Amino acid sequence: MHSIRPLLTHHLRLRPPPRLPHLLTPHDQKPYSSSPLPPPPLINPESYLASARQKFVSQPPKIISATLTRSKADQLTLALEDANPAFRQSHGEFEDGDPLPQGYHMVYFEPKISSYQPMADGTDPYHFPGGPFARRMWVGGEVDFEREYMGCMLLGEGGKETKAECREWVESEGVEVKGGKVFVEVGREYFAVTGKEKVKVLTEKRRLVFLRPLEEELARQVERLRLGDKKAVERKRIKVPWRPFFSFSLRPDAQFLSLFSVLTSNAHRIHLDSKYARVEEGYKDVLVHGPLTLVLMLEGLASYLHKSGKEKRRWIKSMSYRNLAPLFKGDEVRVCGALAKSQGRGEGEEEWVVWIEDFEGGLAVKGSATVVGRQVMGS
C-alpha cells in the first residue's frame with residue numbers, strides 16, 4: 001500500500017492570510033484593557049434574513065465533477081488505519097470495481113481552493129450569509145444513500161474509474177437567525193455519470209452556524225452575565241447515556257488533520273493554525289473537522305459490521321449527526337455505537353445510535369443511523 005507521507009509535502013495553496021488585527025502577548029492572548037467591551041451592534045433579524053435569503057436565491061448551484069480514483073481512497077484509508085488499525089483493516093489496497101466506502105465522498109467533491117476567493121478564515125464565501133457573522137462552524141448534517149450507490153460508485157484507475165458529479169446549493173428557506181447566530185443549510189445531491197446518463201446515489205444536508213467576531217461574542221456574554229444569566233459562559237460536559245456495542249479510540253494529531261484538510265481541499269484556518277484558533281476563535285487549539293466526525297462514525301459502524309460478520313449482508317442506509325462540543329488536535333477521542341432498535345430478524349431494519357466522546361468522556365458528537373439488508377439496497 002502506498003505511503004501517505006508524499007502527500008503531506010503538497011501544501012494547501014492558500015492565499016497569504018491577513019495579518020491578525022491584535023498584538024499578541026507571550027501567551028497568544030489579546031492585550032488586557034480596563035475599558036469595558038462595547039456592546040455588539042444590533043441588527044434587524046427580519047431585514048438580515050431577507051437579505052441573506054435573497055443572496056442564496058440569486059446564486060446558481062455549484063456543479064462539482066469528480067473521478068473516483070483508487071489512489072485517493074487509499075490515502076484516506078491509510079490515514080484512518082494509521083490513527084487506529086481497527087478502522088477497516090479489511091480494505092487493504094482497493095481494486096478496480098470496488099465500491100466507494102460510505103463517507104469517502106468527502107474527499108472527492110469539494111471545490112478546489114483556487115476556484116474561489118476564500119474568506120479571511122479560509123472558508124468558501126458561497127455559504128456566507130453576510131456580516132457581521134463571519135466565524136463559521138460545522139453544526140452537523142445527514143446523508144441518505146440510494147440503493148444504486150453500491151453498484152454505481154465504483155473505484156478504478158486508468159479509465160476504469162467512475163465519473164461522478166455533485167450539485168450543491170444553499171437552502172434559502174433553511175437560513176435562520178437564532179440566539180445571536182445565523183444557521184445555514186447546504187443541500188447536496190451526488191450522481192454517478194455514464195455518458196449522458198446520471199444516476200442519483202446520495203443526498204446530503206450540511207448544517208453550518210455563523211457567529212459574530214470573538215470580541216462581539218464576548219461582549220454579548222458580558223451583557224448576559226450583567227443581566228443575571230449565569231448560563232452565558234457555562235459549558236457543561238454532556239454525559240453519555242448509552243453503553244457501547246463497539247468503540248474505537250484515536251488521537252487526531254497535526255499530521256492527520258493536515259492530511260484531511262489536503263484531501264478535502266479544506267482551507268479553514270481553525271483546523272490548521274493553532275494561533276488563529278486561540279486568538280480569533282477563542283479555542284485552546286485547532287479543531288477536528290466537522291465532516292471528519294461523519295467519516296469516523298460511518299467508518300466505525302462499518303468496521304463493526306465487518307468485524308461481526310454482518311458486512312456482507314448489512315448496509316448503512318442513512319446517518320444524521322450533530323456536533324455538540326469541540327474536539328481538539330492531540331486529544332484522544334472515542335468513536336462508539338450501540339444498537340437502539342431492531343425490526344425482525346436477519347435482514348430487518350436496525351436503528352443505531354453512534355457517537356463520539358471527547359477526552360473527558362463527554363458527548364461531543366451524537367448520530368443516528370439506519371442499517372438495512374443488502375437486498376434492500378439492491379445487491
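Which side chain does arginine 251 meet in a salt bridge? The partner is glutamate 332, at 3.5 Å from N to O; a salt bridge here is a side-chain nitrogen of Lys or Arg within 4 Å of a carboxyl oxygen of Asp or Glu. Arginine 251 sits in the loop between β7 (246-250) and α6, and glutamate 332 in the loop between β8 and β9, so this pair ties together parts that are 81 residues apart in sequence. Helices (H or I, at least four residues) and strands (E, at least two) are DSSP runs, numbered from the N terminus. Glutamate 332 counts as partly exposed at 38% relative accessibility; buried means under 20% relative accessible area, exposed over 50%, and partly exposed in between (1.4 Å probe, protein chains only).

Before going further, a word on what you're looking at. This is a predicted model, in which local features need pLDDT of at least 70 and side-chain atom pairs count only at pLDDT 80 or more, while totals for chains, interfaces and linings use all residues. Residues are numbered from 1 along each chain as its sequence is written, and side-chain values use heavy atoms, with hydrogens and water left out.

Back to the charges. A search of the whole structure turns up 21 salt bridges. One of them joins arginine 188 and glutamate 110, at 3.4 Å from N to O. Arginine 188 is in strand β5 (residues 181-194) and glutamate 110 in the loop between α3 and β2, so the pair ties together parts that are 78 residues apart in sequence. Both ends are tucked away: arginine 188 is buried at 0% relative accessible area, and glutamate 110 is buried at 19%. Another salt bridge runs from aspartate 285 to lysine 329, with the closest N and O atoms 3.6 Å apart. Here aspartate 285 is in the loop between α7 and α8, while lysine 329 is in the loop between β8 and β9, 44 residues apart. Aspartate 285 counts as buried at 15% relative accessibility, whereas lysine 329, at 25%, counts as partly exposed. Salt bridges that share partners also join Glu110, Glu168, Arg188, Glu204 and Arg206 into one network.

Glutamate 204 is a handy way into the strands. It lies in β6, where it is the bridge partner of valine 143. Ten bridges join β2 to strand β6 (residues 197-211), and the two run antiparallel; strands pair if DSSP finds at least two bridges between them. β2 also pairs with strand β8 (residues 314-323) in the antiparallel sense, over five bridges, with glycine 141 opposite tyrosine 321 in β8. Nine of the eleven residues of β2 are buried.

β9 and β10 pair in the antiparallel sense over eight bridges, and lysine 341 has glutamate 351 in β10 as its bridge partner. Eight bridges join β10 to strand β11 (residues 363-373), again antiparallel, and the partner of glutamate 357 in β11 is leucine 363. Seven of the eight residues of strand β10 (residues 350-357) are buried, so this strand is largely enclosed by the rest of the structure. The hairpin of β10 and β11 has five residues between the strands, and glycine 361 takes a positive phi near 85° there.

Valine 333 is worth a look too: it lies in strand β9 (residues 333-342) and is buried, with a relative accessible area of 3%. Its contacts (heavy atoms within 4.5 Å) include Phe248, Leu250, Leu327 and Ile356, not counting residues up to four places away in sequence.

What about the nonpolar interior? In soluble globular proteins, nonpolar side chains tend to be buried together. A nonpolar core is a set of buried Ala, Val, Leu, Ile, Met, Phe, Trp, Tyr and Cys residues joined through side-chain atoms within 4.5 Å. The largest one has 85 residues, of which Tyr108, Phe109, Met153, Leu301 and Met319 touch the most other members. Helix α8 (residues 290-307) gives the most to this core, with ten residues. Apart from that core lies another, of six residues, among them Val240, Ala338, Val353 and Trp355.

Most residues other than glycine have a negative phi, and most peptide bonds are trans. The bond from glycine 131 to proline 132 is cis, with omega near 5°, and serine 265 has a positive phi near 50°.
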